[in-house]
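Look over the sequence and the model shown here.

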Amino acid sequence: MTSHARSFPPAFLFGAATAAYQIEGAAHEDGRTDSIWDTFSRVPGAVINADNGDVACDHYHRYQDDVALMKDLGLQTYRFSTSWSRVRPDGGPVNPKGVDFYSRLVDELLGADIKPWLTLYHWDLPQALEEKGGWANRDTAERFRDYALTVHDTLGDRVGVWTTLNEPWCSSFLSYTAGAHAPGRQSPRDGLAAAHHLLLGHGLAVEALRERDPALELGITLNLTVAKPVDPARAGDVDAARRIDGQFNRIFLDPIFRGSYPEDVLQDVAAFGLTDFVHEGDLAQINQPIDTLGVNYYHGDLVSDRPAEHPLLAQAPTSRPTRSPYPAADGVFDHPQGLPLTAMEWEIQPDGLRELLVRVNTEYAAPTGTSLYVTENGAAFDDVVAEDGSIPDVRRTEFLTAHLGAILDAIDEGVDVKGYFYWSLMDNYEWAWGYEKRFGIVRVDYETQERFVKDSGRAYADIIRNRAIS
Ligand code: PNW
């Protein structure tokens, strides 16, 4: 270690994350039925190369080897999700074979001394529930609570950390308004209905799980951004940043932590009837105390009411047209900040993570006594396999180190960040981008299903062992 080494607090947890549909495969095995992603991946032009999750990383059959790999890397915790259509096919009664898979996975993790971090919903709604209206239907929130309790029936004795939803912004606006993700609807109204019902499902599940066991650590994971105006002196730019902050961050943070939708957001989206979906008592239901807030951070947004000369790619360039995910930000344009890009054309902006953590802590987490974790952060790059078989992904190591540095900066500013999960443990199904984009610290050869630890994986293992970056 050099003299410039910066250490993490003793209790800080290092982990990596994945999600069921992106890694499991075995899409038609042991009673699992279609989720909206099985259906969406069959829509012509919806996913690059028409890739689907039928096989993915075949983790369903290789979970033991994958846990051994996690142990080799020294991971202290592993964030994964359960598949609703495996646990309760078609949203119906429990499927013992489906829950048994997660039971075996959890036992394997505990045997390797890796703390299981469970997410109940990472975007794979049973298709049968979509046919009843999906998240635009209020009833789905109640079905979600029932599903949460079913997972708890089997895993409640061994899993301590429960996350209700992963990134409800994606499963509402990217999915029901932009049409870029499953189920591919393109309606501002449906996106708002979905957002409200996802929040309601979160509140119902937190209440029900809390009642079962007050000792559970309960929370939600949000993808959040730092929205900045191109020119802080131009009213149009400032308003553009306010809108993005409102329709990306505050539309979720405020109901969860304050029990209300932000006034300015309600005004912006008034034409699309968000309030039509809000019943008496809903906001109190959503505003349950939670123990953990997971922050997923990839990049910030520099915005203006004037179009950028050279816009960045916002979504996968699939042939099926998509629209803006924001219900009421038609005149808002993302501008490049001139920073280096990942293979997703996302700008690399580590200091945005520090800024975001400080802001979220000050305004939401600290006042409510909620713990903060970074539950996703990572980058896709065009990896090259060297002649000796190594994968010298120097840029990913730099990305990882820089973002861990930003977390230490936030900690230095008094934010008690309690852990970090790199996205992702291994290359996997990157939604509308199919298998084209690789985020892993472990490479997956999709022909043979062999795993190869990239140089960034070895670097992360060193960081975890030293509990410091240098
Ligand atoms: C997150 N966007 O997704 C997810 O939680 C992961 O499943 C995913 O693999 C990872 O980030 C990398 O993409 C996002 O278009 C997908 O703004 C798209 C967006 C944001 C997050």
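Which of the 15 residues around the ligand come nearest? They are Gln22, His122, Glu376, Glu430 and Trp431; a residue counts as near if one of its heavy atoms lies within 4 Å of the molecule. This is a predicted model, in which local features need pLDDT of at least 70 and side-chain atom pairs count only at pLDDT 80 or more, while totals for chains, interfaces and linings use all residues. Residues are numbered from 1 along each chain as its sequence is written, and side-chain values use heavy atoms, with hydrogens and water left out.

By class, the shell around the ligand has nine nonpolar, three polar and three charged residues. Helix α8 (residues 168-177) gives the largest share of this shell, three residues.

An N or O atom in the side chain of Glu376 is 2.8 Å from an oxygen atom of the ligand. For Asn166 the distance to a ligand oxygen atom is 3.0 Å, and for a polar side-chain atom of Trp423 it is 3.1 Å. Taken alone, the ligand exposes 460 Å², of which the protein buries 91% (Shrake-Rupley method, 1.4 Å probe).

Now turn to strand β8 (residues 292-296), where five of five residues are buried, meaning under 20% relative accessible area. Strands are DSSP runs of E with at least two residues, and helices are runs of H or I with at least four. Thr292, Gly294 and Asn296 lie on one side of β8, and Leu293 and Val295 on the other.

Strands pair if DSSP finds at least two bridges between them. Five bridges join β8 to the parallel strand β6 (residues 217-223), and five join β8 to the parallel strand β11 (residues 371-376). Leu293 stands opposite Ile220, and its bridge partner in β11 is Leu372.

Technical notes. Buried < 20%, exposed > 50% of the residue type's maximum accessible area, 1.4 Å probe, protein only. Polar contact = N/O pair within 3.5 Å; in protein donor to acceptor, adjacent residues only side chain to side chain. Nonpolar A, V, L, I, M, F, W, Y, C, P; charged D, E, K, R; others polar.
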